Amino acid sequence: MGKIVIVGATHSGKSCYFYGMMRKLMTGIHGFSICTEPKDYGDIRRAIKRLNDVSLPLEQRFPAPNSERRTYKLKLQYNLAVLEEFDWEDYPGEFVETKVDEFIRLLDGADSLLLCVDGEGIQGDPED
C-alpha cells in the first residue's frame, strides 16, 4: 500500500485539489477510477457537490480548514480491477509551521509528495 501526502499551508487548496481529483476519478477517466471506503463516500460526495454549486457564495463552497488529521483509504482501479491501494493524508495546514515533528512523521514513508502553494503568497508586489 502506498501513501500520498499533499503539502501546503492553510488555504493553499489541498482539500479543493482532493475533492476535484475525486470528482473526476470517482466517475472514471479512460477506464481508470478511484474508489473510497463506504464510510467516507458520503462526506466526500457532499463536499464535491458543495464545491461545484455555483449558486453558493465562494466562502460557502470551499471546505473549512481542517482541524485534525484524516486518512482516506483509496483504491486505484482500471476497468474496476484494483491496481493499487493507497492512503491519502489530509491534515491541518498549520502542521507545516506549528507541529513540525508530527508533520515530519506524516511525510515518513510517503511514496508521493504533492506541493500546493497559495498563489496569493507568491504574487509579489501588485505594481510589478
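Predicted model: local features only at pLDDT ≥ 70, side-chain atom pairs only at ≥ 80, totals over all residues.
View 1. At 42% relative accessibility, Val100 counts as partly exposed; buried means under 20% relative accessible area, exposed over 50%, and partly exposed in between (1.4 Å probe, protein chains only). Val100 belongs to helix 5, residues 100-107. Helices (H or I, at least four residues) and strands (E, at least two) are DSSP runs, numbered from the N terminus. Residues are numbered from 1 along each chain as its sequence is written, and side-chain values use heavy atoms, with hydrogens and water left out.

**View 2. The whole chain.** The protein has five helices and five strands. From the N terminus on, their order is β-α-β-α-α-β-β-α-α-β. The C-alpha atoms fill a box of roughly 50 × 40 × 30 Å along the principal axes. Of the 128 residues, 30% are buried. Contact means heavy atoms within 4.5 Å. Among contacts between residues at least 6 apart in sequence, 66% join residues at least 24 apart. The protein exposes about 8400 Å², and carbon and sulfur atoms supply 52% of that area. Accessible areas come from the Shrake-Rupley method with a 1.4 Å probe; for residues, only the protein chains shown count as cover.

**View 3. The largest nonpolar core.** A nonpolar core is a set of buried Ala, Val, Leu, Ile, Met, Phe, Trp, Tyr and Cys residues joined through side-chain atoms within 4.5 Å. The largest one has 17 residues, of which Phe18, Tyr19, Met22, Leu74 and Trp88 touch the most other members. Strand 1 (2-7), helix 1 (14-27), helix 2 (38-52), strand 3 (70-78) and strand 4 (81-90) each supply at least two residues of this core. Helix 1 gives the most, with five residues. Apart from this core lies another, of six residues, among them Val5, Val7, Tyr91 and Phe95.

View 4. Rings of Phe, Tyr and Trp (its six-membered ring) pair if their centres lie within 6.5 Å; planes under 30 degrees apart count as stacked, over 60 as edge-to-face and the rest as tilted. The count comes to five aromatic pairs. The Tyr17 and Trp88 rings are stacked, because their centres are 6.4 Å apart and their planes are at 15 degrees. This pair links helix 1 to strand 4, 71 residues apart. Tyr17 is partly exposed at 43% relative accessible area, whereas Trp88 is buried at 2%. Phe18 and Trp88 form a tilted pair, 5.4 Å centre to centre, with 35 degrees between the planes. Phe18 lies in helix 1 and Trp88 in strand 4, so the pair ties together parts 70 residues apart in sequence. Ring pairs link Tyr17, Phe18, Tyr19, Tyr72 and Trp88 into a cluster.

**View 5. A nonpolar surface patch.** Phe32, Tyr78 and Leu83 form this patch, with about 280 Å² of accessible area together. Patches are made of residues with over 30% relative accessible area and no salt bridge; like charges are joined within 9 Å, nonpolar side chains (Val, Leu, Ile, Met, Phe, Trp, Tyr) within 5 Å. A salt bridge is a side-chain nitrogen of Lys or Arg within 4 Å of a carboxyl oxygen of Asp or Glu. Tyr78 sits in strand 3 and is partly exposed at 36%.
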